Amino acid sequence: MQDLTIIAATGTALPAPRQNRHYIAGAWVDSAGDTIDRLSPAHGVLVSRSADGTAADAEAAIAAARAAFDDGRWSRLSGRARAAVLLRVADLIEANVDDFALIETLETGKPISQARGEVAGAADLWRYAAALARTVQGDSHNALGEDMLAVVLKEPIGVVSIITPWNFPFWILGQKLPFALAAGCTCVVKPSEMTPSTTVMLCDLLAQAGLPAGVVNVVLGYGQTVGAVLTAHSQVDMVTFTGSTAVGKQITRTAGDTLKKVALELGGKNPQVIFPDADLASAADAVTFGTYFNAGQCCNAGSRIIVHEDIADDFVARVVALSRRVAFGDPLDPATQVGAIVTPEHAAKIDAAVQAAVAEGASVVLGGAALAVPGLGPQFYQPSVIRGVTPGMAIARDEVFGPVLTVLTFRTLDEAIALTNDATYGLSAGVWSENIHTCLAFARAAQAGTVWTNTWMDGFPEVTFGGMKQSGQGRELGRYGLEEFLEVKSLVMRV
Ligand code: NAD
C-alpha cells in the first residue's frame with residue numbers, strides 16, 4: 001500500500017458555493033421545494049446548493065418546451081440557422097473551459113486535467129452537431145407509377161426529456177442536447193442531483209448564443225420526483241436517458257404508458273481480451289487506463305480482463321506495476337490521474353463488491369481497500385487487481401463502478417468469445433492481438449455496441465456509440481445521433 005503514488009491535498013482556495021435554480025422559458029426560477037447540497041467528494045466542502053424540484057416545476061418546464069416547439073421558434077428554423085447558434089455555443093464553451101472544469105471537478109471528484117478534457121471535448125460535440133443540423137433530409141419515390149409521387153420527410157420528434165448521470169455530466173449532456181437541437185427539438189434537461197452545476201452554467205451560454213427562450217429548460221431535483229414526471233408526461237415525445245440499467249428499465253416501464261420513444265445508454269461490464277501475440281506493453285497501458293479512468297466510475301470501464309493463460313502471470317505483473325504508478329489523490333492537482341469516489345455510499349459499495357469476491361475465493365493482488373489521502377477526506381479507493389476470479393462470481397458479472405480490475409483466463413479464441421458474450425451487458429469490448437484475422441473474428445462475434453481493436457476508449461463525435469443487450473437501446477453520436485431525434489413522415493401524392 002505504501003508504494004502507491006499518492007498526491008496530497010493541494011490546499012487550493014475553493015470558490016464560494018453556487019446557488020442553482022431551475023431555468024424555465026428563459027428565466028431563472030426558484031422552487032417551492034427544498035434544496036439539495038452537494039459537497040466535494042474529495043474536499044468535503046459545499047460546492048452547490050440546488051433547487052429540489054417538485055412535480056409542478058417539471059410540468060412548468062415541459063409546458064415551456066411544448067410551447068416553444070409548437071410555435072416553431074426553433075423547430076421551423078433552417079438547419080443553417082440552427083447550426084449558427086450551436087456553433088456559437090461551442091465557441092462559448094471553449095472560452096469558459098476552466099470555469100466549467102473547476103466546478104465539474106469539485107462536484108464529481110474527478111481530476112482537473114480530465115475535467116478540462118471533458119469540457120473541451122463537449123465543445124467539439126456541439127460543433128459536430130452544428131454540422132449535422134444542415135444534413136437533415138428524407139427520401140423521394142418517383143417510380144411508383146406515372147401519376148404518383150411520394151416524399152419521406154424527417155421532422156423533429158418534438159419535446160425531448162434528457163436525463164443524465166453524475167459521472168460525466170457535461171460530456172453526456174453534449175452527446176444528447178446539441179443533437180436534439182440540431183434536429184429541431186425542444187428539451188427539458190434533468191441533470192443528476194449530485195452534479196447539476198455545469199448544466200445550469202450552460203444555460204447562460206445558450207442565452208448568449210441566441211437560443212430562443214423555452215427551447216432548452218433545466219429542472220433540478222431527484223429522479224423519483226422530477227425524473228418521473230419527465231418520463232411519464234403526455235406532452236413529452238421522447239426520453240433520452242443515460243444511467244443505470246435498473247433506472248433505465250423503470251423509465252421504459254413508465255414511458256410505456258404513453259408509448260413515447262425511449263433511448264437508453266446504460267451500464268457495462270466490458271471485457272478486454274489479450275492474446276499471446278499482442279503488444280503486451282500497449283495492452284497493459286490501455287487496461288490500466290481503461291480501469292482507473294474516472295476512478296473506474298465509467299460505463300466504458302474496460303476492467304473485465306480476459307487474458308490467455310500462457311501470458312496471464314506476465315500480463316498481471318505488468319498491470320500491477322503500472323497500477324502502482326497511477327497518481328491518485330487531490331483532483332485539483334494537475335498531476336492527479338485518479339480522484340475521489342463520488343459518495344461515501346458508493347465507496348462502500350465498491351468495497352463490498354471486492355470483499356464479496358474474496359469471500360467467494362478470489363484473491364487481491366493489489367489494493368482492495370479504501371485509502372485516506374493526506375489532507376483530504378476518506379473517499380478514495382486504491383487501484384485494485386483481483387485474481388482467482390471465475391465467470392460465475394458476482395465481481396465477474398456485475399458493474400463495480402470503481403477502480404477494480406478482475407482477471408479471467410482463456411485458451412482458445414472460441415473460449416474468449418464465449419466468456420465475452422457471457423454477460424447481460426453489451427456496451428463495449430476490446431481485443432489485443434497482432435493477428436488481424438484473430439481481431440476481426442473476435443470483433444464480428446462480440447456482442448457489444450463498440451469493439452476496440454488494439455486500443456481502448458478512443459471516441460469521436462463522428463463514430464456512433466451505444467449498447468447492445470442490457471446496456472441500452474438507440475444510438476448516440478455520428479449521424480445516428482441525429483436520426484434518433486427525427487420522426488419520419490411519408491407524403492403520398494397523386495399528381
Ligand atoms: P442513475 O440511474 O442512478 O441516475 C441517472 C439519472 O437518472 C439521474 O439524473 C437520476 O436522478 C435519474 N433518475 C433516478 N431514478 C429515476 C426515475 N425513477 N425516473 C427518472 N429518472 C430517474 O445512474 P448514476 O448512478 O447517476 O450513473 C451511473 C450509471 O450510469 C452506471 O450504471 C453507468 O454505467 C451508467 N452510465 C452509462 C453510460 C453509457 O453511455 N452507456 C454513460 C455513463 C454512465
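The legends below describe close-up views of a predicted model.

Residues are numbered from 1 along each chain as its sequence is written. Because the model is predicted, local features need pLDDT of at least 70 and side-chain atom pairs count only at pLDDT 80 or more, while totals for chains, interfaces and linings use all residues.

View 1. Over residues 28–490 the chain is 41% helix and 21% strand, where helices (H or I, at least four residues) and strands (E, at least two) are DSSP runs numbered from the N terminus. The mean pLDDT of the chain, on the predictor's confidence scale from 0 to 100, is 97, and the complex has an ipTM of 0.96 and a pTM of 0.98.

**View 2. The packing of helices H7 and H8.** Helix H7 (residues 223–232) packs on helix H8 (residues 245–256) at an angle of about 45°, with axes 9 Å apart; axes are lines fitted to C-alpha atoms over the stretch in contact, and angles run from 0 to 180 degrees between N-to-C directions. The contact (C-beta atoms, placed from the backbone, within 7 Å) is made by Gly223, Ala228, Thr231 and Ala232 of H7 with Val247, Ile251, Thr254 and Ala255 of H8.

**View 3. The packing of helices H2 and H6.** Helix H2 (residues 79–95) and helix H6 (residues 197–208) pack at an angle of about 130°, their axes lying 9 Å apart. Val89, Leu92 and Ile93 of H2 meet Leu205, Leu206 and Gln208 of H6 in this contact.

Notes:
Two residues are in contact if their C-beta atoms, placed from the backbone, lie within 7 Å.
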